[in-house]
Amino acid sequence: MAYLAADTACPPERVERISDPETGLEGVIVIHSTRLGPAAGGCRLMEYPSEHAMIADAVRLAEGMSYKNALAGLPLGGGKAVLRLPPRDFDRKAYFRAFGRAVERLRGDYLTAEDVGTSVADMEQVAKSTNHVSGLTARPGKPGGDPSPWTARGVFGSIEVAARRRLDRPLVGLRVAVQGLGSVGAELCRLLHGAGAALVVADVEHTKAAAMVAAFGAAATSPGAIVSADVDVFAPCALGAVINRLSEEQIRARVICGAANNQLAHEVDGARLASAGILFAPDFLVNAGGIVSVAGEYFDWTQSEVAQRVDAIPRRLDELFRSAEIAGLEPGCVARTTARSIIASGSGVRSVELAK
């Protein structure tokens, strides 16, 4: 798999192909880094046009998890599992029990949880084969279950910080475009509406957009058109690479802050956004709420401890913006450099300000 080095800035430690013909399981587990602890990251179930596309996606996602966990101050490295959706009907319970066996074979080097296309019910099946899984049914007073609300909470607070810095305004009356209305996107809409923001929404499933229109008075548009919507803030909450050379020419928002992973198609896209006067909040910093919940479940923290860590995300973003401004660099560059330094040192978050 020599091409992997070209798909990521920092090649992974391990790439494990997994297969179980009996259940139809086909996929890959990528362990990007275990310098800070077990490689943690969710399990994604999607259609992929080729094996190369599947592995390349997993590698980029795993690298992003390394950065995310480092900046969040978690004792975890970065990893990701990406599974190909079978082309025909399959026994979902058996499929995820087989995936759990693959996780177990890694002997604790990888901790999984739900992600795009997977659920709490799927993770409960994984747990029948391994203990190295989170995102299970929550116990009273403990984190667990769907981590999406925690992700949305961190992103919401980050939008508040970014809007104050670039627009010098609170969320009341701001126009925010939310692309992707899954569990995180829908919860983010609820929080934004509660704060007085006006919403523009889009999703490939029209019923999801219609629900936001009915619940929050949002204006609906198409997934393609929302990039160029006349808004103050653009919040990508679907899949990655939405920010690229083509879309950058269409963006009218002055702030980009959302929950999607790997929003930039290439690192250089961050520099082009900055040159255009657009403030980009690095996704691997602002969307860490979900993995904080996963870590809290795995390490037996309380919900209060998880909440405190998630609510620290906007403060870290504010400090990052200040550091980037002083250095004359775009925020993504500073965030990646900081994360790579933390990982290289193997000693957790080094900046007191980023650790708050």
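Author: α2 provides six residues to the lining of the largest pocket, the largest share. Helices here are DSSP runs of H or I with at least four residues, and strands are runs of E with at least two, both numbered from the N terminus. The model is a predicted one, in which local features need pLDDT of at least 70 and side-chain atom pairs count only at pLDDT 80 or more, while totals for chains, interfaces and linings use all residues. Residues are numbered from 1 along each chain as its sequence is written, and side-chain values use heavy atoms, with hydrogens and water left out.

β4 (43-46), α5, α6 and α11 (289-298) each supply at least two residues of this lining, as does α2. A pocket is an open set of points on a 1 Å grid over the protein atoms alone, with protein on both sides within 12 Å along at least five of seven lines; a cavity is a set where a 1.4 Å probe fits but cannot get out; lining residues have an atom within 4 Å of a point. The largest pocket has a volume of about 1300 Å³, a volume being the space filled by probe spheres set on points joined across faces, edges and corners. It is lined by 49 residues, of which R44, D115, V116, A238 and L239 are the closest to its centre. By class, the lining comprises 22 nonpolar, 16 polar and eleven charged residues (Ala, Val, Leu, Ile, Met, Phe, Trp, Tyr, Cys and Pro count as nonpolar, Asp, Glu, Lys and Arg as charged, and the others, Gly among them, as polar).

Two of the contributing helices, α5 (residues 148-167) and α6 (residues 183-194), have axes that come within 8 Å and cross at roughly 45°. Axes are lines fitted to C-alpha atoms, for helices over the stretch in contact, and angles run from 0 to 180 degrees between N-to-C directions. On the α5 side, the contact (heavy atoms within 4.5 Å) involves S148, P149, T151, A152, R153, V155, F156 and I159, and on the α6 side S183, V184, E187, L188, L191 and L192. Nine of the residues in this contact are nonpolar, three polar and two charged.
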